[in-house]
Amino acid sequence: MISFHDFKLNDAITQALAEQKYLTPTPIQVQTIPPVMTGHDVIGIAQTGTGKTAAFALPILHRLAAQERPALRKSCRVLVLSPTRELSSQILDSFRTYGRHLRIRTALAIGGVPIGGQVRALLGGVDVLVATPGRLLDLVRGNALRLGDVECLVLDEADRMLDMGFIHDIRKIVAKLPAARQTLMFSATMPRAIADLAAQMLRHPVTAAVTPVASSAELIEQRLIRVDRHAKPAALVDVLRREAADRTLIFTRTKHGADKVVRYLTGTGIAASAIHGNKSQNQRERALAAFRNGEVRILVATDIAARGIDVEGISHVINFDLPNVPETYVHRIGRTGRAGAAGTAISLCDKEERAYVLDIERLIRKSIPASDRAAPASRLEAGTKPKIGRAPAGRPGKRQQARHAGTARKTGHKSRQHGGDSETAYSIGSVAFMRHPSSARAVASPRRNASPI
Ligand code: AMP
């Protein structure tokens, strides 16, 4: 087995790794560290959670330490571009952690915070600058930063940057960099557009790939609940009350949608907070910290905001909206079931999203067990508190529902876990289902009355 000592990284870095209790390198680190140390360009195909940040940060720090020189004024030697503020902050933290015994100057250039501090931080020059593309260009335009001294460029989450429309900014930035530089590109997926970009920007790159996106979902129990769009909030409450969830990450397509879900959950007595681009940096950091330390067990996020967030122990991922890009589904559900832990991913799917499911199933090469949720209209209107608690198989009476709802409120959503390998009867609202161990799909009992989508 390879150990970090085999890479012959600078001793100060190896010491920091030992302090971090990193014993063995992850597969992406094994593949990436040696070529980056020798100055090669690298394409890394890896998602968050694979250790990809250290895969580029460690050899970059090693090279900086080996060729120590003062950075020029208003310049950086290493430029790391990432799509979101959160991811940028995390990358910077990693550089600081791994480089804590080196004399490395670092800075962060992200939007959403005043630019003055960033201008000042860059005055004397830095070794490593981690930035989001928009703010970086603002700094360049304002003459606070010159890019002619960059020795190494890292593009992290390149596919996401493309999705977010950063391609023009990236091209503008790359045009200002010296041609003789090292370029590292990391992406969870390798769609055609990314391969084209890599072909233009990288020279004879070494390719390092781990967990092909289509197979990364193997460990995760996936389920689909077919539900009318207007009944999704109530269906979500059902799920939260039924599942024994430690930490749940809920995805919505829009920022507005994330806020609406939080408002609905809060109205039913379920504590949740939202994280998305309209929130201030402070609000986002607070929400994330509360989620990390267990104060809030439900975080509602958009794909962009959730990207790169590294939180351990997410037991459940719920897709309130299904993504229209199948790879995004795999990214989302990959936030649970990390490091070999079991995780559950539940998707609420309305009629319009049916086509997305077909694309997703094609990508992951398996069908997702599906069940229907009936939509008793009266209690699904927005603003009506659903009285659904632990529903035993069969239809609970009104009083029983109310009692269960009370219990669920007191104990949070940690009320009941169903599933497992054995045949299990369970109910969702007024619909009873039978899970068969041998069949992929849950089979509804004859009294089911929901229309298949
Ligand atoms: P990343 O994919 O870069 O977001 O890393 C995911 C998590 O794995 C982070 O919390 C890192 O601190 C951690 N990590 C990275 N490399 C290692 C390693 N070799 N051993 C243990 N943990 C690691």
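Strand S8, spanning residues 220–226, pairs with S14 in the parallel sense, and 3 bridges join them. Leu224 faces Ala370 of S14. Strands pair here if DSSP finds at least two bridges between them. Helices (H or I, at least four residues) and strands (E, at least two) are DSSP runs, numbered from the N terminus. The model is predicted: local features need pLDDT of at least 70, side-chain atom pairs count only at pLDDT 80 or more, and totals for chains, interfaces and linings use all residues. Residue numbers start from 1 along each chain as its sequence is written.

Now take in the whole sheet. It is open and has 7 strands, in the order S10-S11-S9-S12-S13-S8-S14, with parallel pairing. S10 (273–275) and S14 (370–372) each have a single partner strand, so one side of each is left without a neighbour in the sheet. From one strand to the next, the twist averages 20 degrees. Strands of a sheet pair through backbone hydrogen bonds, either parallel or antiparallel.

Two helices lie across this sheet. Helix H12 (residues 281–292) lies across S10 and S11, at about 125 degrees to S10. Axes are lines fitted to C-alpha atoms, for helices over the stretch in contact; angles run from 0 to 180 degrees between N-to-C directions.

Turn next to strand S1 (42–45). S1 pairs in the parallel sense with S6 over 4 bridges. S1 also pairs with S7 in the parallel sense, again over 4 bridges. Follow Ile45: its bridge partner in S6 is Ser187, and Ala209 stands opposite Ile45 in S7. Val42 and Gly44 point one way from S1, Ile43 and Ile45 the other way, and all are buried. Buried means that 20 or more other C-beta atoms, placed from the backbone, lie within 10 Å of the residue's own; 12 or fewer is exposed, and in between is partly exposed.

Helix H2 (residues 27–37) has buried residues Ile28, Gln29, Gln31, Thr32, Ile33 and Val36. They pack against S1, helix H3 (52–66), S6 (182–187) and S7 (206–209). Gly39 follows H2 and has a positive phi, near 90 degrees.

The ligand has 12 residues around it, and the closest are Tyr22, Thr48, Gly51, Thr53 and Ala54. A residue counts as near if its C-beta atom, placed from the backbone, lies within 6 Å. H3 gives the most to this shell, with 3 residues. The shell has 3 nonpolar, 7 polar and 2 charged residues. Here Ala, Val, Leu, Ile, Met, Phe, Trp, Tyr, Cys and Pro count as nonpolar; Asp, Glu, Lys and Arg as charged; the others, Gly among them, as polar.

The largest nonpolar core has 67 residues, and H3 supplies the largest share, 8 residues. Such a core is a set of buried Ala, Val, Leu, Ile, Met, Phe, Trp, Tyr and Cys residues joined through C-beta atoms within 7 Å. Leu61, Leu79 and Tyr98 are among the residues that touch the most other members. Beyond its neighbours within four places in sequence, Leu61 is in contact with Ile13, Phe95, Tyr98, Gly99, Leu102 and Ile104. Contact means C-beta atoms, placed from the backbone, within 7 Å. Another core, of 50 residues, lies apart and includes Ala287, Ala345, Leu348 and Ile360.
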